[in-house]
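Please open the model in your viewer and keep the selection tool at hand. The tour below goes from one selection to the next and says what can be found at each stop.

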2 protein chains.
Amino acid sequence: MREDYKRVALIGLGLIASSMAHAMRRAGMKSEIVGTARTEKTREEARQIGFCHRVVETAAEAVQGADLVVLAVPVGAMGQVAREIGPELAPGATVTDVGSVKRHVIRAVKPHLPDTVHFIPGHPLAGTEHSGPAAGFAELFDNRWCLLVPDEETDAEALARLTAYWQALGSNVETMDADHHDLVLAVTSHAPHLIAYTMVGVADDLERVTDSEVIKFSAAGFRDFTRIAASDPTMWRDVFLTNKDATLEILGRFTEELFALQRAIRTGDGEMLFDYFTRTRAIRRGIIEAGQDTPAPDFGRIRKT
Amino acid sequence: MREDYKRVALIGLGLIASSMAHAMRRAGMKSEIVGTARTEKTREEARQIGFCHRVVETAAEAVQGADLVVLAVPVGAMGQVAREIGPELAPGATVTDVGSVKRHVIRAVKPHLPDTVHFIPGHPLAGTEHSGPAAGFAELFDNRWCLLVPDEETDAEALARLTAYWQALGSNVETMDADHHDLVLAVTSHAPHLIAYTMVGVADDLERVTDSEVIKFSAAGFRDFTRIAASDPTMWRDVFLTNKDATLEILGRFTEELFALQRAIRTGDGEMLFDYFTRTRAIRRGIIEAGQDTPAPDFGRIRKT
């Protein structure tokens, strides 16, 4: 039987934390949910929506008596939050986070935490292009992966309990080493986001093609890039600054491949292009078979009659 | 009142042509629909589905007595088809195409057509990642743009009739010059497709991150690239080979911007990254306001309760 946490402190009340609260309620957890956010505007918005039992002013206050503390702030703010809550944490509490980068978060957070707590970094691979407390919804984690990053010293019982918690929120859970996590995410998330931001920036910049043409004619492919290029700017700035090496490595590989394809276009090497474009179809099939995307045309934007 | 074409010949029976047939039926058009495709397999599949009144063996046969002929084959095959049908076209017929590149198609097709027909190149900006006769559906063109590319000599009445035809299929119609078309599409479609193919190719290639990891963890951003990277390889090979200059120009701009962002990551210029990521959000808003995408999170993959 699942043993619910008694009190869960959500530090930061954006898309992820608010979705966690909704999903906890959907799962019928008995935990008291205490939330806090940096700005009064966000706290007030969260109070209005009502997904926390209590919304308090500071992180130090929020963690009082909590047996689970979730750091759900941008990666660049994790260290400062850890410094604030360190002295206030209840012995035996589990501290986790939801940051998109793991090595940097461990380096920034761990030194501020007392030895009496269990620090188990985490990363739910879920999100949408919307942000803020109103963007959350209970289904966000359903059938998505949550990666936990324990180390050799991690308490097995604390890990099992956190795993069960994320499963109750709808996730599949897997553990992974911090460096491997950062490389895998550089490929599946960080590089694609930077590339999408770049393509949208180029389109916005061109003088001979007006914004309105780019917008009107976006259904020809471009619009798929604009969804992820509308993601939260603060969060993504921090991701790139803190997963610098892995992201730059993947971008280097990307540029190399792009140059090879450009050369094939320039020299008219149709066979090379055809083979390349055929190979990439298999990955799409794999993603659909793994239940990580919809096979409906256009992501189901169009309904077949 | 709309004056329907009496007989419409669809040359090529893939996603676009089959969707046109479905949309013509939905619109209650009285036209006889005659189709043909290069392979017997495709012709047989189209016969089974039954969206044409007649499926015939050759393009030359299909255009007999047709007052509208639609070339719906890959861009690289347009010239050969035009050569085959040229001597068979009925005087006064309108010939159009649905290719993603216009300057090349005009160069390849026009010399083979008699002066007695109206050649009005076209391009419906609609498609999905699926291809073949079974992929078509009547709603594909709804609220999407169809670009027509007339020149100074185009007959106004023939143009008005073709415009009304595409409108009846659900499209908004706009006319445009061939070179401008090819540049706009390089930005909104061709470069994004090449970039998506490249990113998916890189992910597939990495040694330290397995394919199965790329697939499992694709919901973190990568999967949005895989949809367009699953598009038809023959069609896209031809697009890049025939819209070489505009595509390479946009890719050059893209690489330049990507290098600037990589430099910002390397030097830790958070302000530059933040500003860039903020600017791109506006484009997304514009696309949603223009009705060219859904504002639902994740393209509506997740239903909010």
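Begin by selecting strand β5 of chain B, residues 94-97, which runs parallel to β6(B) and is joined to it by two bridges; strands here are DSSP runs of E of at least two residues and helices are runs of H or I of at least four, numbered from the N terminus, and two strands pair if DSSP finds at least two bridges between them. Within this pair, select B:T94, and you will find it opposite B:H118 in β6(B).

Before going on, note that this is a predicted model, in which local features need pLDDT of at least 70 and side-chain atom pairs count only at pLDDT 80 or more, while totals for chains, interfaces and linings use all residues. Residues are numbered from 1 along each chain as its sequence is written, chains are lettered from A and ligands numbered from 1 in the order in which they are written, and side-chain values use heavy atoms, with hydrogens and water left out.

Now widen the selection to the open sheet of six strands in chain B, whose order is β3-β2-β1-β4-β5-β6 with parallel pairing. Its edge strands are β3 (54-56) and β6 (118-119) of chain B, each of which pairs on one side only.

Next, show both chains together: 113 residues of chain B are in contact (heavy atoms within 4.5 Å) with 114 residues of chain A. The buried area between them, meaning the accessible area (1.4 Å probe) that the two parts lose on being put together, summed over both, is about 10800 Å², and carbon and sulfur atoms give 67% of it. On the chain B side, select B:F217, B:I265 and B:F277, which lose the most area to chain A, together 7% of what that side buries.

For a charged pair, select B:D204 and A:R279, which form a salt bridge (a side-chain nitrogen of Lys or Arg within 4 Å of a carboxyl oxygen of Asp or Glu) with the closest N and O atoms 2.7 Å apart. Between chain B and chain A, 15 salt bridges are counted. Several elements of chain B each supply at least two residues to the side that touches chain A, among them α8 (211-216) and α7 (178-205), and α7(B) gives the most, with 22 residues.
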